[in-house]
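Please read the numbered points beside the model shown here.

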Amino acid sequence: MQKLLFLSLVFYTSLFASVDYTKTNNCNLCHGGLEHIRDEKSGMAKAIANKAKEAGYPNNSCIICHGGNPETQEKEAAHKGTIAYFKTHEGPKEYYPAPASTWINQNTCGMCHKEQVQAQMNSLMMSEQGKIHGTLYSFGGLEGYLHNQGNYDTKNPSDPHQRLGTEVYKKYMQKLEKLNPQVYPSAMHEIPKAPTADEATKNPKLAAYTYLRNQCLRCHTGSKGRQKRGDYRGIGCASCHIPYSNNGFYEGNDATIKKSEAGHLLVHEIQSSRNAKVDVHGMSYSGVPTKTCSTCHNRGKRIGVSYEGLMETAYSPTYDENGTMQPKLHTKHYIHLKSDIHKQKGMLCQDCHTTRDLHGDGFLSGATLAPVEIECQDCHGTTKKYPWELPLGYSDEFATKPAKGKARGVSPTIAEYLKKGTTYPAEDGYLITARGNAYKNVVKKGNDVIVHLASGKDIKLKPLKELKAQNKISQKGLVAMDKISAHNDNMECYTCHDTWVPQCYGCHVKIDYSKGQKSVDWLASAHDHDLHGTTAAMRKTLKEHLIDGKVTETRSYLRWENPPLVQNGEGRISPAMPGCQVVITVIGKDGKAVLKNHVFMMKDYKHPNSKKKLPGIVMASVHSHTVQKEARACESCHTNPAAMGYGIEGGKVYGDVGADWAVGLKTASGNMIPNKYTLQKNKIENFHTDWSKILDENGTVLQTVDNHWNLAGALSKTQRDKLDRRGVCFSCHVSIPQGNLAVSAMTHIAEMADVKIDKKEHGAILNKILNLAAWVQIVAGIIIGIVLMFAFYKLFIEKKHKNRRHQGWK
């Protein structure tokens with residue numbers, strides 16, 4: 001028996017030794033049904049195949065991304081190390097189960113896409129500086145007005161010319177850095193570790209780091225994030241470029257991937273630009289679906305889910321055929337409002353947002369407004385100018401006056417590194433962003449704009465100036481955009497066209513350090529990455545990264561209609577939403593509250609010489625990505641106190657949140673009768689008004705408006721005076737029907753003639769009154785002018801005659 005086993009071993013050893021592994025692909029022995037990452041005829045697949053040939057393994061492209069040992073048929077041995085070629089050349093240095101991982105993708109994706117990979121580490125999607133600063137501000141301003149804390153230590157390149165973009169763009173960004181240096185830091189350091197229960201009990205401000213590490217920082221691209229329905233995604237480049245379904249199940253043909261286990265990619269294929277086709281279930285698509293973006297963009301400003309028409313609700317409508325309530329998505333329930341018009345037209349996020357918006361330009365930026373280089377007018381222009389006739393910086397001024405200067409024109413070409421992806425003919429030239437870079441998918445053709453969508457569709461867009469020339473803009477639209485030039489010069493387009501904005505008022509956060517409660521430190525788990533590029537979560541070792549404290553969140557109320565208006569960091573009027581309206585409760589180690597419903601009072605960092613303090617709850621300017629062709633009605637802003645910042649219904653309905661509220665058996669005078677009762681609602685410390693009220697009628701600011709940008713703030717008195725048209729009806733009707741003789745007579749005649757005054761007739765009457773009044777004043781002015789001229793002439797003649805008589809006497 002032993003002799004037989006020995007002979008068998010010798011036979012199989014000699015058999016394997018005779019196999020030429022450079023001519024086979026052992027990966028397929030297990031993964032034979034796996035989908036090709038790209039079509040074999042694509043440029044990308046050919047480039048990978050050429051690299052495999054160069055490395056000496058022309059029949060095994062897998063190793064170019066995944067590394068590993070291709071010269072074995074043993075699983076454990078195959079999933080270790082790399083080939084000798086990669087030890088001296090660029091490529092995988094180990095086996096990489098997730099080759100797009102941020103922590104090793106410079107050896108994989110970076111072989112071809114160096115620019116994007118080098119830029120990723122300083123991108124906002126990786127650093128998350130904006131949400132970190134917002135949270136630290138609400139917890140007592142733990143980094144002041146600076147934006148120096150992030151997910152890890154990093155700094156800008158020493159050479160400013162390393163910034164990705166044109167020379168014009170680089171100069172533009174240097175100007176922005178000088179205007180708002182606090183938002184464009186030169187370096188960033190990792191936020192402190194989460195406190196222990198003892199430390200948080202002694203200094204409850206430190207609970208901010210528990211909150212951040214457990215809740216806010218799971219979305220950065222250095223991790224795969226929370227594994228819940230709607231949140232499944234990849235890591236690094238795969239966060240966007242590999243498809244994951246809401247439910248996280250694999251639906252491809254690799255037998256080694258469990259199809260009943262959530263957390264896997266949908267199929268092993270890249271989703272990217274138009275030429276990258278993903279084939280699944282007989283369907284073919286291209287581009288990155290919006291649902292991929294909303295795996296992260298469902299909290300904070302919620303632009304991902306809002307773009308799709310999803311609005312959070314505290315309820316769970318509707319029921320399915322089994323009577324089960326709506327399932328949670330991103331751990332929330334939703335109602336369906338109107339999705340953005342661009343979504344309805346088939347546009348994906350990447351069709352507007354440029355590579356610098358998404359991958360970054362290699363330099364740090366501390367808030368979402370900082371890296372985004374696009375404006376609506378880049379494609380739509382204005383009613384007076386085509387996009388190519390506008391100056392650079394239009395609608396992106398970071399000043400309170402509209403940009404002026406020579407026309408930006410168009411670009412004959414795009415950046416060289418962007419030509420590796422799908423490219424399109426220049427036609428009459430590529431349109432240019434507000435900051436000076438060429439769009440790679442938007443071109444000028446005559447007076448039309450052609451937008452090439454990643455999905456394969458081409459949209460012919462007529463700019464506003466062309467629509468006006470063709471009489472295709474409604475009368476209301478012309479009034480708003482053409483006749484009132486201040487709207488274009490001082491407001492964002494989406495101020496009117498974002499017809500709803502998710503408004504989550506009052507974010508009540510409890511961090512409980514009692515009873516030994518623990519939670520996951522998502523940031524630490526991402527930092528725990530090995531030489532294979534896998535994080536603790538991917539290795540299923542999250543228990544090694546538990547921190548003291550458990551976080552619970554709730555809110556006061558939700559709204560979507562009539563958002564307030566503020567001035568944003570660009571100096572333009574925009575909609576606003578609650579940013580971090582955080583009310584903090586910290587339960588100490590002993591189970592007692594060391595902070596209870598607390599709002600920190602903050603220095604006015606934008607006005608350092610001011611002694612005034614503001615509540616550390618924040619209203620944030622926002623483009624909610626809920627654009628509709630039909631804009632908000634004029635009255636929704638000009639007669640609405642909420643739009644002016646005075647709060648819903650002027651803030652007069654909401655009770656004093658800064659007072660305890662007891663409900664029970666009371667006397668008529670309000671005294672509680674029983675001795676044993678429970679407070680219905682505990683008071684909030686340092687806040688006494690409606691959450692939606694930004695300032696009062698006297699202009700006193702009641703909460704912080706945007707904690708990032710110097711120019712951002714509540715509407716000024718001048719802006720509110722221009723906006724406020726409340727009481728206009730009263731101006732006329734105070735004299736109707738019994739005003740002066742003329743008004744009384746007209747009213748009586750109208751009643752006698754039985755004139756029906758509906759909306760249309762009312763509008764016509766006002767128009768007649770306006771025109772009549774204008775002509776009366778003009779004619780009256782002319783008559784008065786003539787009379788004055790005649791009087792002056794008469795005086796002049798009389799004086800002349802008088803002088804002559806006087807000379808005659810002499």
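1. A salt bridge here is a side-chain nitrogen of Lys or Arg within 4 Å of a carboxyl oxygen of Asp or Glu. The model under review is predicted. A search of the whole structure finds 32 such salt bridges.

2. Arg555 and Glu312 form one of these pairs, with an N to O distance of 3.0 Å. Because Arg555 belongs to strand S15 (residues 550-559) and Glu312 to strand S6 (residues 310-313), their pairing ties together parts that are 243 residues apart in sequence.

3. The salt bridge between Glu373 and Arg356 has an N to O distance of 2.7 Å. Glu373 sits in the loop between helix H18 (355-359) and helix H19 (377-380), and Arg356 in helix H18; the two are 17 residues apart, and the pair links distant parts of the chain. Both Glu373 and Arg356 are buried.

4. In soluble globular proteins, nonpolar side chains tend to be buried together. The largest nonpolar core here has 27 residues, and Phe139, Leu212 and Ile511 have the most contacts inside it. Two or more residues each come from helix H9 (129-138), helix H11 (197-202), helix H12 (207-214), strand S12 (503-512) and strand S18 (582-587). H12 gives the most, with five residues.

5. Leaving aside neighbours within four places in sequence, Leu212 is in contact with Lys131, Ile132, Thr135, Leu136, Ile191 and Leu217. A second, separate core has 24 residues, including Ile573, Val583, Met644 and Val705.

6. Finally, the second largest pocket has a volume of about 330 Å³. It is lined by 23 residues, of which Asp604, Lys606, His607, Ala712 and Gly713 are the closest to its centre. By class, the lining of this pocket comprises nine nonpolar, nine polar and five charged residues.

Technical notes. Residues numbered from 1 in each chain as written. Predicted model: local features only at pLDDT ≥ 70, side-chain atom pairs only at ≥ 80, totals over all residues. Heavy atoms only, no water. 1 Å grid on protein atoms, 1.4 Å probe; cavity = no way out; pocket = protein on both sides within 12 Å on 5 of 7 lines; lining within 4 Å. Points joined across faces, edges and corners; volume = space filled by probe spheres on them. Nonpolar A, V, L, I, M, F, W, Y, C, P; charged D, E, K, R; others polar. Helix = DSSP H or I, 4+ residues; strand = E, 2+ residues; numbered from the N terminus. Buried < 20%, exposed > 50% of the residue type's maximum accessible area, 1.4 Å probe, protein only. Core = buried A, V, L, I, M, F, W, Y, C linked by side-chain atoms within 4.5 Å. Contact = heavy atoms within 4.5 Å.
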